[in-house]
Structures are given as structure tokens and as C-alpha cells.
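Please examine the model shown below together with its sequence.

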Amino acid sequence: MDIYRYGSDQASVVLIQMVGEHDLPGIEQEIMEISRLTDADFQLIAMKVNNWNHDLAPWNADAVFGKEEFGDGAKDTLEKVLTLCTDSNKNYCIGGYSMAGLFALWTASQTNQFDGIAAASPSIWFPGFLEYMKQQKIQSNCVYLSLGNKEEKTKNPVMAQVGNCIRQAYTWMHEEGMRCTLEWNQGGHFKEPGLRTAKAFAWVMNNLSLS
């Protein structure tokens, strides 16, 4: 797993983002947008996954689009992530887009290592995930959720549930007393993922001291 570091090693806030090859060209623009939206100093660690549908999925599931099924590699991926989160003087936040956003939410049900979760357009439609999250609980008290306002308007019956799922997740988190927000972005799933992720991380950093 390739690791890319941006920003100062001395920053007290460390953002960890799971990325694919498609994300890397836009990382620097994303960092600029985060810096525009928050005054907090941060380091961003981008971890490139080799198999998006396997390395970020918490358990096996049938293919939802195309022919590629989902694996159960999230546990192994999390073990690698945690090796980068060993400084007790730092605030670690994890986030990402799409399946990376789902992975971020899942990690919060596995460990209390992360002070903030930045889930931009997460694949929360993933079969069985919403029920699992409610049963396991979230161990971070600062969670950002977002979705494009056209994402649920799809003919795919599984992915069309994303709107209902994210509304239920936000309501549940609010009832559990978490500091959370749900932001609706304009457009479908593939519109400005880097900027949407930047907004997610910036919100989390701006709310860490309040949570």
C-alpha cells in the first residue's frame, strides 16, 4: 500500500484518507480547499488501496454494478492504517469518498482511535451496513456525512437506497448525541469528489474542539 504525506509532520491534526489511483491527481487541490475552509494546521496522509472493492469492504457482498464483487479486506486495511496512528499527542481523523467514506464509518465502529470521521458521499447503501453500524455503535463523537442530491435517483435498486440509508444514519447519530451533520451537495455521485472530501475534512477539524 503506497503512502503519500502532505503538510507538516509537526501538525497536531492528522487526516488519513484512503484513495485510489483516480484520486491522486486531485489531492493537492483538495488540500488547498481544506486550507481555505479551516485555519487548523494539519497533515494529510493518503493511503492508496490496490483493490477498491476488496480493501475497503467490511465483508463479502455481491456485485452491485458491473461484475466485481465486494471482498472483506477492510480489517487488514485498518491494521495498516493504525500503524500510522501511534502518537498520543495528535488528533487523528479518517475520511474519504464513496467506498472510502464507508470504510471511514466502519473504522469508527472498530476503534476509538479516530477523533473525527469525514464520510463524503459514503457507500452507506452497502448491504447490511446500516444495521451493523447501529448495533456496533460509533466510537467517534464527530461525524460528517454528505450526499449528492441526485445520487439516490438511480435505476440501481441497491444504490437507490443511499438516500434513505444516510438519512437514517444521521437521525440515529443525532439521537445518540453525537456531534454530526448531513450536507447535501448539488449533483450526482461523480461531481467534484475532491472538493466534497475537502469540505468533509474541514468541517471535522472545525468541530473537533467542540465535540
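How many bridges join β5 to β6? The two strands run parallel and are joined by 4 bridges. Within this pair, Ala118 stands opposite Tyr144 in β6. The model is a predicted one, and the values given here are computed from it.

An open sheet of 7 strands is present, in the order β1-β3-β2-β4-β5-β6-β7, and its pairing is mixed. The edge positions are taken by β1 (2–7) and β7; each has a single partner strand, so one side of each is left without a neighbour in the sheet. On average, and with direction ignored, neighbouring strands of this sheet are turned by 15° against each other. Gly96 is found opposite Ala119 in β5.

Of its 7 residues, 7 are buried, so β6 is largely enclosed by the rest of the structure. From β6 (142–148), Cys142, Tyr144, Ser146 and Gly148 point one way, while Val143, Leu145 and Leu147 point the other way. Both sets of residues are buried.

Leaving aside residues up to four places away in sequence, Ser146 touches Ala119, Ala120, Ser121, Pro122, Ile166, Leu182, Glu183 and Asn185.

Helix α1 (residues 27–37) lies across β1, β2 (13–19) and β3 (42–48), and runs at about 150° to β3. Helix α3 (residues 74–82) touches β2, β3 and β4, and its direction makes about 150° with that of β2.

Leu37 lies in helix α1 and is partly exposed, with a relative accessible area of 32%. Which residues does Leu37 touch, not counting residues up to four places away in sequence? They are Ala198, Lys199, Ala202 and Asn206. Although Leu37 and Asn206 are 169 residues apart along the chain, their C-alpha atoms are separated by 8.8 Å.

A further packing relationship involves two helices. Two packed helices are described by the angle between their axes and the distance between the axes. For α5 (residues 129–136) and α6 (residues 162–175), the angle is about 10° and the axes are 10 Å apart. Angles under 35 degrees count as roughly parallel, and α5 and α6 are therefore roughly parallel to each other. The contact brings Leu130, Met133 and Lys134 of α5 against Cys165, Gln168, Ala169, Trp172 and Met173 of α6.

The length of α6 can be checked against expectation. At 1.5 Å a residue, its 14 residues should span 20 Å, and the end C-alpha atoms of α6 are 20 Å apart, which agrees. The buried residues in α6 are Val162, Gly163, Cys165, Ile166, Ala169, Trp172 and Met173. Their cover includes α4 (99–108), α5, β6 and β7 (179–185). Following α6 is Gly177, whose phi is positive, near 85°.

Positive phi values also occur in residues other than glycine. Ser98, in the loop between β4 and α4, has a phi near 65°. With a relative accessibility of 12%, Ser98 counts as buried. Glu192 is placed in the loop between β7 and α7 (193–207), and its phi is near 50°, again positive in a residue other than glycine. Is Glu192 buried or partly exposed? At 45% relative accessibility, Glu192 counts as partly exposed.

Conventions
Residues are numbered from 1 along each chain as its sequence is written. This is a predicted model: local features need pLDDT of at least 70, side-chain atom pairs count only at pLDDT 80 or more; totals for chains, interfaces and linings use all residues. Side-chain values use heavy atoms; hydrogens and water are left out. Axes are lines fitted to C-alpha atoms, for helices over the stretch in contact, and angles run from 0 to 180 degrees between N-to-C directions. Angles under 35 degrees count as roughly parallel, over 145 as roughly antiparallel, 65 to 115 as roughly perpendicular and the rest as oblique. Contact means heavy atoms within 4.5 Å. The expected span of a helix is 1.5 Å times one less than its number of residues. Buried means under 20% relative accessible area, exposed over 50%, partly exposed in between (1.4 Å probe, protein chains only). Two strands pair if DSSP finds at least two bridges between them.
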